[in-house]
Amino acid sequence: MQKTRTPHVVVVMGVSGTGKTTIGPLLAARLGVPYAEADDFHPPANIDKMSAGTPLTDDDRRPWLDAIGKWAHGRAGLGGVVSCSALKRSYRDRLRAAAPDVVFVHLAGDRALIEDRMAHRQGHFMPTALLDSQLATLQPLEADEAGVAVSVSGTPEEITARAVAALGELEGPRGPDGPEAPPKAAPSQ
C-alpha cells in the first residue's frame, strides 16, 4: 500500500463510536505521519465524568482542546493525525486558533450503525447512553471549514481509503488564494 504524504495535521472527528481511534492510526499510516489519540489529552477528571455517564461541559473541554491544539501546532508543516470528537464549531475554532492549518475528516454514519459499533467495542470508557447527547451536540462541518465528511459504512480499510481520496480532492487544484476546497457534500459512500 503506497503512503501519501501530507504537511497538514488532520483531525479525525465525529461522535463516539464512529471509529476515530481505528481510522486515525490507519489514516496516519497511509499519510506517513504520526498519530495522536485525543483521549490521551483528557485530564483524569474528564475521564472520570465520562466513565460515570456524565457529559463533559465546555469548561471541561477547554484544557483538553488546548492540549490537542498545542500538539497540532507543534506538527505544523510536518503533518500528523489526531482523533478528536470536535463536535461543535466552537471546538474546531479553538483547535484552529492554535493550529490554523488543521484539516478535518468528519466520520459520519447513521445512529443505528454507530450504536451497534459502540455496543460491541471493549475497553472504552464512553457508554452508549451518551450517544444521543453527542448526536444532539454535533454541528457538522460548515462550508468555510477545511475538511471532508466520510461515511463510516464498510471496513476500516474502505473508510480509510475514502478519507485519503477525499483529502486528496480537498488538496486538489490551487487557486490564487491557496487550495480551492470542493463544496461540502453528503458523506462519501
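The dialogue below asks what backs each structural label given to this predicted model.

Student: What should I know about the model and its numbering before we start?
Tutor: The model is predicted, so local features need pLDDT of at least 70, side-chain atom pairs count only at pLDDT 80 or more, and totals for chains, interfaces and linings use all residues. Residues are numbered from 1 along each chain as its sequence is written, and side-chain values use heavy atoms, with hydrogens and water left out.

Student: How many helices and strands are there in the protein, and what counts as one?
Tutor: There are seven helices and seven strands. Both are DSSP runs numbered from the N terminus: helices are H or I with at least four residues, strands are E with at least two. From the N terminus on, the elements run β-α-β-α-α-β-α-β-α-α-β-α-β-β.

Student: What makes two strands a pair?
Tutor: DSSP must find at least two bridges between them. Strand E1 (residues 9-13) is joined to E3 by four bridges. Four meets the cut-off of at least two, so E1 and E3 pair. They run parallel, and Val12 stands opposite Ser83 in E3.

Student: How do you know that E4 and E5 pair?
Tutor: The same rule applies. Strand E4 (residues 103-108) and E5 have five bridges, in the parallel sense.

Student: What is the strand order of the open sheet, and which are the edge strands?
Tutor: Five strands form the open sheet, ordered E2-E3-E1-E4-E5, with parallel pairing. Strand E2 (35-37) and strand E5 (147-151) are the edges, because each pairs on one side only. The twist averages 20 degrees from one strand to the next.

Student: Why is E5 described as mostly covered?
Tutor: Four of its five residues are buried. Buried means under 20% relative accessible area, exposed over 50%, and partly exposed in between, with a 1.4 Å probe and protein chains only. For the protein, buried residues make up 41% of the 189 residues.

Student: Is Thr160 buried or exposed, and how do you know?
Tutor: Its relative accessible area is 3%. That is under 20%, so Thr160 is buried. Thr160 is found in helix H7 (residues 156-170). It touches Ile23, Leu26, Leu27 and Arg30, not counting residues up to four places away in sequence. Contact means heavy atoms within 4.5 Å.

Student: What about the contact of H3 with H4?
Tutor: The axes of H3 and H4 come within 8 Å and cross at roughly 35 degrees. By class, the contact has five nonpolar, two polar and six charged residues. Helix H3 (residues 58-74) also lies across E1, E2 and E3, at about 170 degrees to E3.

Student: Why is Arg111 called partly exposed?
Tutor: Its relative accessible area is 31%. That lies between 20% and 50%, so Arg111 is partly exposed. Arg111 is found in helix H5 (residues 111-120). It touches Leu131, Asp132 and Leu135, not counting residues up to four places away in sequence. Arg111 and Gly17 are 94 residues apart in sequence and 9.6 Å apart in space, C-alpha to C-alpha.

Student: Where is Ala86, and is it buried or exposed?
Tutor: Ala86 is in the loop between strand E3 (80-83) and helix H4 (89-98). Its relative accessible area is 0%, under 20%, so Ala86 is buried. Ala86 has a positive phi of about 45 degrees although it is not a glycine.

Definitions and conventions: Axes are lines fitted to C-alpha atoms, for helices over the stretch in contact, and angles run from 0 to 180 degrees between N-to-C directions. Ala, Val, Leu, Ile, Met, Phe, Trp, Tyr, Cys and Pro count as nonpolar, Asp, Glu, Lys and Arg as charged, and the others, Gly among them, as polar.
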